[in-house]
Amino acid sequence: MKRALLIGLYACGGLLLLAPFWFGDRYANLAIRMMIAALFASAFNLLWRQARLLSFGHGVYFGAGMFAVVHLMRAIEAGLNVPLILAPLVGALVSLVVGLVFGFVATLRSGAYFSMITLAIAELVYSLGPRWQGLFGGEAGISSMRMPSMGLNFATLNQVYLIVLLWCMVGFGILWFFAKTPLGQIAFALGDNEQRLRFLGYRTHAVKVVLFALSAALSGLAGGLLGITAENVDYTVFGPASSAAPVIQTFIGGADMLLGPALGATLLTGFGNIFSDVTRLWLLYQGIAFVLVVLFLPGGIAGSFATGKRVSWGNAAVNAFAVLLSSCSLIFICESAAVLLSDAYMSRRAGQGGAWVDYRLFNLDLAPLSPLVWGLPLLVGLIGVALSWKLSESGRTA
Amino acid sequence: MTYLLSSLVNGLVFGLLLFMVSAGLTLIFGMMGVLNFAHSSLYMLGAYLGYSIGRWTGFWPALLFAPLVVALIGAFIERFMLRRVHRHGHAQELLLTFGLALIIHEVVKLFYGPYPVEYAVPAELAQTAFSANGLNFPLYRLFIGAVAVSMFVCLFLLMKFTRVGLTVRAALSQPQMVEALGHNVGLVFLFVFAVGAGLAGLAGAVAGAFYPTGPNMADDLGSIVFVVVVVGGLGSLEGALIASLAIGLLTTLTVGLDWTLAGALAPVGLSEWASSIGGPFTITLSSLTGSLPFIIMLLVLLIRPAGLMGERA
Amino acid sequence: MSAIALSAVTKRFGASEIIRGVDLTVNTGERHALIGPNGAGKSTLFNLISGQIRPSSGEIFLNGRRSDRDAPEMIARRGVARSFQITSLFARLTVFETLRLGVMATHGVRFCFWRTAASRRDVTQDVFALLGDVNLTHRADAPVSELPYSEQRALELAVTLALRPDVILLDEPTAGMSVEEAAQTVALVRRLTAGRTLLVVEHDMDVVFSLCDRISVLVHGRIIATGTPDEIANNDSVNEAYLGKGVH
Amino acid sequence: MTLLDRRDVLKLAGAAAAAMAGPALAQSNPALKIASVETLSGPGSTVNRLWSLGLKYCVDKINAEGGWNGQKLVYAEYDTEGTTGGASQKTQAAIADGAHIIIHGGSSAIGGQISEDIRKWNLRNPTAKVLFFGPGIEALELTGAKCHYHFFRFATNADIRVRALIAGMKAENALGKKVFSINQNYSWGQDIQAALEKGAPENDFVLVDKVLHDVNKIQDFSPYVARIAASGADTVFTGNWGNDLSLLLKAVQAAGLKVKFATTFLDLPGALSSAGTAALGYYHAEMWNPQAYGAFGQELWTDYKAKMGTVPSTSEAKSVLCLLILQKALKTIPATGKIEVDVIAKALENTTYDAPTGKVTIRPADHQLAWPIVVSKVEQGAKFPFDGTDMGFVPLKIIPAEEAVNAVQASCKMQRPA
């Protein structure tokens, strides 16, 4: 059943790839962001899935590729004759070089040290970014415009979408193929037991540097694609948010599957796009989802579909229902809190002599002191939690 | 001269604040192997709780209760979250704390709003300790320094000379053995994490009254604290102290120095060439103050990978 | 020329001196056992020879070349392979993939990312030959983590041998095995290490006496005796320091 | 079909209530759609969401007065998530949702991205052009090398602010001979420092020392305070905002340093309260000042507090003024049954807005607004107390728009539509 579900999921994903051609620029744009995020997260996960190296500074390599491509596009504007479709390759190459240099330093250590060094490198680049006006364009960044090439004018995003689709497929192809090469195999072994690998005569530091550089290059490819799409880049691309995104997306999606990060990146980019305009608490929900996945689904979403255990449709449905119940309850309570703690509500209260006046949420008028308003969501949430608890208990004893 | 003196003292105090925050982090890492990404968030929680509790009880009781509450939160995190993912390895623990940092940041903003709150120094400490050439030196700075120093002394004595320290260290290297001797290893870890969190909470409650207590205070300090811990050697209390002071002094003293690489090349006659290149050659040292800790960290890692006081890996 | 030569090797951890001036020579082609009571420093000495840790002082020569400052991978490439006491292979790989890592190393296939590992027929052939040697052919596709203990040990041995080493260091190859399994393993080791230099750390005296040409006894970080099994069995100080204890 | 859910969610949340009501009304005149693209989540949201709040308030106000051409204005918010990438994406989304005017106040970096995106969009889609308003983005470049016909800067810039401060303080005899410049090390801070360097010889003061420091990185400003003390400056100019301003002022207060500050963002939330009484006597220059705006200021102050819960910060007030000027321009455009942004842009260029402080005009050459600038001083017991303190900004001098505005930058080569 899980296999069927997974295949269905991939089929839906495949259909989505073609969707922008029917739905126009807005969805082309969203689809482009999703694919770029998917490629970036997967490139990040090359380090983790294989070598168990957890980078908190991959925004640097993403940004390096993006800057390289925007610089190249400026050169094309000025008359350089390079077809636009090859531009992302330049981003990948530049990030490869940057990745080799920083990767050499970072991979001197592993484990938590590695994470902290990558974080520090990212902070360093981020703090230097605005200084180097010529290269990074200061706060405003640098911008360019896509020039027509090879018979396409690239004015609409649908045409850009083609480039992104093509290069993402190349990127995923490389990731898929790499796992099967001797070096890919060595990288897996490295993640399991670096010491043992050294006694087989492998220079593990060199392996890690090469792996890091490859991961950086693919991140740069993703960055380059964003450069082509956005036609503009500034140093904030090196900021903590860029580096945190692939981490969150990867582990929510499922870090031990080739396509897990892509799934996580697609979902979170999509949800982020929808929800961040509707609620101010999107980052909170994302954080809670991340922590819950780390706590209860170590394999992420994709990993939970791909376990060897057989689960009946009924159980899956109940579980999905339970998750739905508890998330509805959580969202209701958080949004209520956000409204009740807001300045606007405080002043309305003050206007009414400090009374707990009704507040409006989801087109409902709610009384903040009513036991029903808090009790019902709490009850619903508890039912949800109890349901999934019961399911996991019975799953353990079975 | 006044400038040098005041910079020295300011640097020392800032270094001691860094130490207060990094002490808990290095303690937890040294004892449990967990790199706590949420540590600076606990520091922020300490400040906000100090502010909230202080509104009811006044400053001094809040200074006691806020760290206690943070320690309880730490105990909760260890017991019900970290322990759950422990079997999946340290990376999973790190990810968990990373996620917790995201949540704490958003929750603080939900409850306290996006602006810094009015957490003020109590009247009895809002005085001038001494003045030199027209610059006052606030008493509260001395207070921060005093708290940090006593924290170091207590921790040092606790680790070196009591059974607690012995048990904890043994629990790390030989968990089964310690268990067999009748110690509850789980309880030891719970205790360590709670104490580490409580120390961060104390640092927050003390420093939050002086530095602004706002939702960005965790991000502001977080990465510098990592630098301190790496430079000092993960798990080494003495190393953390030395690194904190060094980074505090260095970032404070470089503020006045407008040196550039291009200037440094002047003796070999390359100054003009370097200036024409621009970019990194013309950045002044004073404008690099914020980046300096990270440069130091990279240098230390290249020259002495285990940190100043860390044991050779 | 000796395969392994240690002269005045010392190793200190902090204040405690674990290895105190060890001189040891293992001749080419000989099977040499290193024995000693628990805590004598056998594992430390083993780690020193294989390059995992560096001596505080003294010199180590492998096949006549000084090696005490070399990284483990350089030592491995010089034809010195070691096994590990606590089986530590690659949990996410299959038996076949694990062994292939060893074989690839000898074929010089390292930084290759332009063709799949499966496309190297010569590597695959060598892997199956080795699998046959240790009777694991039927297990080729099983994940390493699912193998029973004795088969993991056999795989560990196979991985060590895959490097085609001329000096083999085995760390307690029969630890934790039943008498029967141990006998099988000894036979396997004897068969597969024929003609090569072998240094083995072992607790089981039956194994040591049946397998090895010469024995060195390490006590409190010092070699107190080296000789043939007979000489060692009749050495007074050895009996006193080590075998005597074993009898009680 | 994740892609299609968006509209449903919007409906559920009621955020698009106005959008739903729109089509139901008469088809004759389409509704003008205004999109606020702002950093509404993450660390940058602290100050940036104020812009959206002000816009929301003013759109409601305009709609209560009947909207435009019988249609209510449609207002929607988009969250940049603090990144230029997100801003670009949300700009696209806003355009796809049919926005005619996009407004961003928060950051010059993000504003620069949006401005470029819109310039390119308009080049490529001449039949569906979009306008971009910047009520708070002050980097000179945006009306310089990056200026274009569809961007309007409804804000001051570094040059305007520094010249106003110098003029106002000289008139008060408060400038002194020694001036210290401490600024954040990015375009805004650099612009301020450059303006000071330019102004020093003309105005007979010496720039004794200047510091550019990291943005939002410095924990402890006391070393900088020591440096200010060592320089013996009479006046310190700073363009700092947010944490960097609060921390700087706190450190000055703690050190008991007696020096005047000339500021540009002291009126934003958090700044006055952290400075405490040390801020008394500090100087400030901004186009908005509730007291200087007289009855208008009073009205906005009380009405805003009643509707939005807080008194309007300067950002919110500037958002409001931005839309009021738009409202005035719109009134001159006859209903034609369609919305043409080039016509709106043209109308804006010809609009003169009568602010209580004087006439506000829009310079056609680079679309920089010429505001009268209010130079004020922090005093206790002011009529409009700021930031929960009893201090406020008492106006000293109003510099007329034509004196205050800087010269058109030579780098601006605006292409006007045919």
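Modeller: Happy to! One term before we start: pLDDT is the predictor's confidence in each residue, from 0 to 100. You'll want it here, since what you see is a predicted model.

Biologist: Good to know. What does chain D average in pLDDT?

Modeller: Chain D averages a pLDDT of 85, and 93% of its residues score at least 70.

Biologist: Which elements of chain D have the lowest and the highest mean pLDDT?

Modeller: Helix α1 (residues 2-13) of chain D has the lowest, with a mean of 40. Strand β3 (residues 101-103) of chain D has the highest, at 95.

Biologist: Let's turn to how the chains meet. Which two chains share the most contacts?

Modeller: That would be chains A and D, out of four pairs of chains in contact. Some pairs have no contact: chain B and chain C are not joined by any, and their closest C-alpha atoms lie 10 Å apart. Chain C and chain D aren't joined either, with their closest C-alpha atoms 33 Å apart.

Biologist: How many residues of chain D are in contact with chain B?

Modeller: There are 31 of them, in contact with 29 residues of chain B. On chain D, the elements that each supply at least two residues to that side are α3 (45-64), β7 (206-213), α8 (222-231), α9 (242-255) and α10 (271-275). α8(D) gives the most, with seven residues.

Biologist: What classes of residue are on that side of chain D?

Modeller: The side of chain D that touches chain B has 14 nonpolar, 12 polar and five charged residues.

Biologist: New topic: what domains does chain D have?

Modeller: The domain assignment gives domain 1 (2-156 + 294-369) and domain 2 (158-286 + 372-404) for chain D. Taken over C-alpha atoms, the centres of these two domains of chain D are separated by 29 Å.

Biologist: How many residues of domain 1 of chain D are in contact with domain 2 of chain D?

Modeller: 18 residues of domain 1 of chain D are in contact with 19 residues of domain 2 of chain D. On the domain 1 side, α3, α12 (314-331) and β12 (358-362) of chain D give two or more residues. β12(D) gives the most there, with four residues. By class, that side of domain 1 has six nonpolar, nine polar and three charged residues.

Biologist: β12 of chain D again! Which sheet is it in?

Modeller: β12(D) belongs to an open sheet of three strands in the order β11-β12-β13 (chain D), with antiparallel pairing. The edge strands are β11 (352-355) and β13 (369-370) of chain D, each pairing on one side only. Four bridges join β11(D) to β12(D), and in β12(D) the bridge partner of D:Thr352 is D:Thr361.

Biologist: And why is strand β2 of chain D largely enclosed?

Modeller: Six of the six residues of β2(D) (residues 74-79) are buried, so the strand is largely enclosed by the rest of the structure. Both of its faces are covered: D:Val74, D:Ala76 and D:Tyr78 on one side, D:Tyr75, D:Glu77 and D:Asp79 on the other. β2(D) runs parallel to strand β1 (residues 33-38) of chain D, joined by six bridges. D:Ile34 stands opposite D:Tyr75 in β2(D).

Biologist: How many residues are in the largest nonpolar core?

Modeller: That core has 438 residues, and those with the most contacts inside it are B:Leu17, C:Ala158 and D:Ile102. Helix α3 (residues 25-51) of chain A gives the most to this core, with 19 residues. Leaving aside neighbours within four places in sequence, B:Leu17 is in contact with B:Ile144, B:Ala148, B:Ala203 and B:Ala207.

Biologist: Last one: is A:Gly191 buried or exposed?

Modeller: A:Gly191 counts as buried because it has 20 C-beta neighbours inside 10 Å. A:Gly191 lies in helix α9 (residues 182-192) of chain A. Not counting residues up to four places away in sequence, A:Gly191 touches A:Gln50, A:Ala51 and A:Arg52.

Note on methods. Residues are numbered from 1 along each chain as its sequence is written. Chains are lettered from A and ligands numbered from 1 in the order in which they are written. This is a predicted model: local features need pLDDT of at least 70, side-chain atom pairs count only at pLDDT 80 or more; totals for chains, interfaces and linings use all residues. Two residues are in contact if their C-beta atoms, placed from the backbone, lie within 7 Å. Ala, Val, Leu, Ile, Met, Phe, Trp, Tyr, Cys and Pro count as nonpolar, Asp, Glu, Lys and Arg as charged, and the others, Gly among them, as polar. A nonpolar core is a set of buried Ala, Val, Leu, Ile, Met, Phe, Trp, Tyr and Cys residues joined through C-beta atoms within 7 Å. A residue is buried if 20 or more other C-beta atoms lie within 10 Å of its own, exposed if 12 or fewer, and partly exposed in between; C-beta atoms are placed from the backbone. Domain bounds come from an automatic or database domain assignment. Two strands pair if DSSP finds at least two bridges between them.
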